[in-house]
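Morning, everyone. Please bring up the sequence and the model, and keep both in view while I talk.

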Amino acid sequence: MKILILGAGQVGASVAEALASEANDITVVDQNHEALAQLADRLDVRTVTGNAAYPSVLREAGIEDTDLLVAVTQSDQTNLVACKIARSLFSVTTRIARLRSPDLLDPVLLANENFAVDYAICPEQDITEYIAKLIEFPGALQVLEFANGKVTLVGVRAKQDGLLVGQPIRAMRAHLPPGVDARIAAIFREHQPVDPDGDTVIEQGDEVFLLADSQYIRLVLTELRRSAEPVKRVMIAGGGNIGLRVARTLEERYEVKLIEVDRRRAETIAGKLSRTLVLHGEATDETLLSQENIDEIDMFLALTNDDEDNIMAASLAKRLGCKRVLALINRRAYADMVQGGPIDIGMSPAQVSIGPLLTHVRRGDVARVHSLRRGAAEALELIAHGDRKTSKVVGRRIDELPKIRGAHIGAIVRQDGTVGGRVIIPHHDTVIAPEDHVIVFCMRKREVAQVEKLFQVGFQFL
């Protein structure tokens, strides 16, 4: 595809990195020449310096024969104007815009006759929902949903007291009640992927991705680790857009405290929150954390705009006795370095928000994409179309499919008339039916293109 990305910030750079490795023709536009130069040094992309809302700049960037426009600048207004220009002047087929303000997410505003946005993404909201899920599942490193919530994937670190540590994966079935099935879809050991099969032995410290019908996922989780205490008290460091959204989402169900260093901002957000205690101060202040009983806090969320402050605050909170800490870290190298050490979860905001965007970029009928382990791996929900003549997957048993090393089918949701479909944990003799939603795990990014190609139908069907 020929893709035009507007904005070379964290989201734009992550999108470019995700797509440049897949033989796409990518051009990035930004007013910051230095940011573009750094991107061009790392990736095989073309760059254009200029205002993304100007038709002349878009024309220079090659918009006239672009297949996909991804407008992810820091300005909502620029993103909206660019989408409108792309449709009205250049007839770009697909237009995606990043919109931070909830006021602009009105479908009427985004319709073709107005700003002409096909898909709107809101990274701050994606991150808020992501964090809320992590709090709902204490001990989880990632919690992701497929097939409109019918299937849940949870990433956890295997602990010594878990029932499966030191045992082969096939032993899990013996612990589950009749009628309940699950799949260990991926294992990462010391940051390296391990292709799991029934004989794979789970070791303490492994990062394990477990997939099951959403109604059974909590039950299945006890196979890897004893149930963690539910979260009751949360402390948030940072009252920016993300911190405020998270506090607003959590305050009805949890006891929430928020620390903000800027007094005016603290006063402003205190007026927007009903049950959250807003404190003026620095989250790296040991005295303040101790006074606020950090040792009684179940979850500490470092959500400022500064990676170093987040790492320091989360590490300090952990040292002072907080049960679990999360740090928002833009630099992926930092996140990889600190997670599993003093910090339980190092979260890359760009990788959280990139999944919904990739869903609209992937070839074939892809219903959902989730980035795993900060972009190192990927999980796709693909819809199988056609029949045995026109499809390489429909009408075939799992063990008849072409082998793609590092790619595994974790679950199938079959449209059989039940609400949302029926969840099937497939085995070697499971046959894929037309319109099945097939959830595939790619342990490395390079397998994604092969999986997409496998699920594409032949011209006969089209």
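In which helix does leucine 219 lie? Leucine 219 lies in helix H8, residues 217-221. Helices here are DSSP runs of H or I with at least four residues, strands are E runs of at least two, and both are numbered from the N terminus.

Some ground rules. This is a predicted model, in which local features need pLDDT of at least 70 and side-chain atom pairs count only at pLDDT 80 or more, while totals for chains, interfaces and linings use all residues. Residues are numbered from 1 along each chain as its sequence is written, and side-chain values use heavy atoms, with hydrogens and water left out.

Back to leucine 219. Its relative accessibility is 40%, so leucine 219 counts as partly exposed. On that scale, buried means under 20% relative accessible area, exposed means over 50%, and partly exposed is in between, with a 1.4 Å probe and protein chains only. Leucine 219 touches Pro177 and Val180, not counting residues up to four places away in sequence. Contact means heavy atoms within 4.5 Å. Proline 177 is 42 residues from leucine 219 in sequence, and their C-alpha atoms are 9.2 Å apart.

Next, helix H1, residues 10-20. How many of the residues of H1 are buried? The count is 9 of the 11, so H1 is largely enclosed by the rest of the structure. Among the buried ones are Val11, Gly12, Ala13 and Leu19. What do the buried residues of H1 pack against? They pack against strands E1 (2-6), E2 (25-30) and E5 (94-98), and against helices H2 (33-42), H6 and H14.

H6 and H14 also meet each other. H6 covers residues 123-136 and H14 covers residues 349-359. Their axes come within 9 Å and cross at roughly 105°. Axes are lines fitted to C-alpha atoms, for helices over the stretch in contact, and angles run from 0 to 180 degrees between N-to-C directions. H6 and H14 are therefore roughly perpendicular to each other. That word covers angles of 65 to 115 degrees; under 35 is roughly parallel, over 145 roughly antiparallel, and the rest oblique.

Who makes the contact? From H6 come Pro123, Asp126, Ile127 and Tyr130, and from H14 come Pro349, Val352, Ser353 and Pro356. These divide into 6 nonpolar, 1 polar and 1 charged. For those classes, Ala, Val, Leu, Ile, Met, Phe, Trp, Tyr, Cys and Pro count as nonpolar, Asp, Glu, Lys and Arg as charged, and the others, Gly among them, as polar. A reminder on spacing: an α-helix has 3.6 residues a turn, so residues three or four places apart point the same way.

Stay on H6 for lysine 133, which lies in that helix. Lysine 133 is partly exposed, with a relative accessible area of 23%. Neighbours within four places aside, lysine 133 is in contact with Val143 and Glu145.

Now the rings. How many aromatic pairs does a search of the whole structure find? It finds 1. The rings of phenylalanine 188 and phenylalanine 209 have centres 6.0 Å apart and planes at 80°, so the pair is edge-to-face. Rings of Phe, Tyr and Trp (its six-membered ring) pair if their centres lie within 6.5 Å; planes under 30 degrees apart are stacked, over 60 edge-to-face, the rest tilted. Phenylalanine 188 sits in strand E9 (182-189) and phenylalanine 209 in strand E11 (207-213), 21 residues apart. Both are buried.

Arginine 218 lies over the face of phenylalanine 137, at 4.2 Å from the ring centre. The test is NZ of Lys or CZ of Arg within 6 Å of the ring centre and within 35 degrees of the ring normal.

Last, some loops. Alanine 53 is in the loop between strand E3 (46-49) and helix H3 (55-60). Buried or exposed? At 17% relative accessibility, alanine 53 counts as buried. Leaving out residues up to four places away, alanine 53 touches Thr78, Val81 and Ile85.

Serine 91 is in the loop between helix H4 (76-88) and E5. Its phi is near 55°, a positive value in a residue other than glycine. Serine 91 is exposed, with a relative accessible area of 58%.

Asparagine 148 lies in the loop between strand E7 (140-146) and strand E8 (151-157). Its phi is positive too, about 55°, although asparagine 148 is not a glycine. Asparagine 148 is exposed, at 85% relative accessible area.
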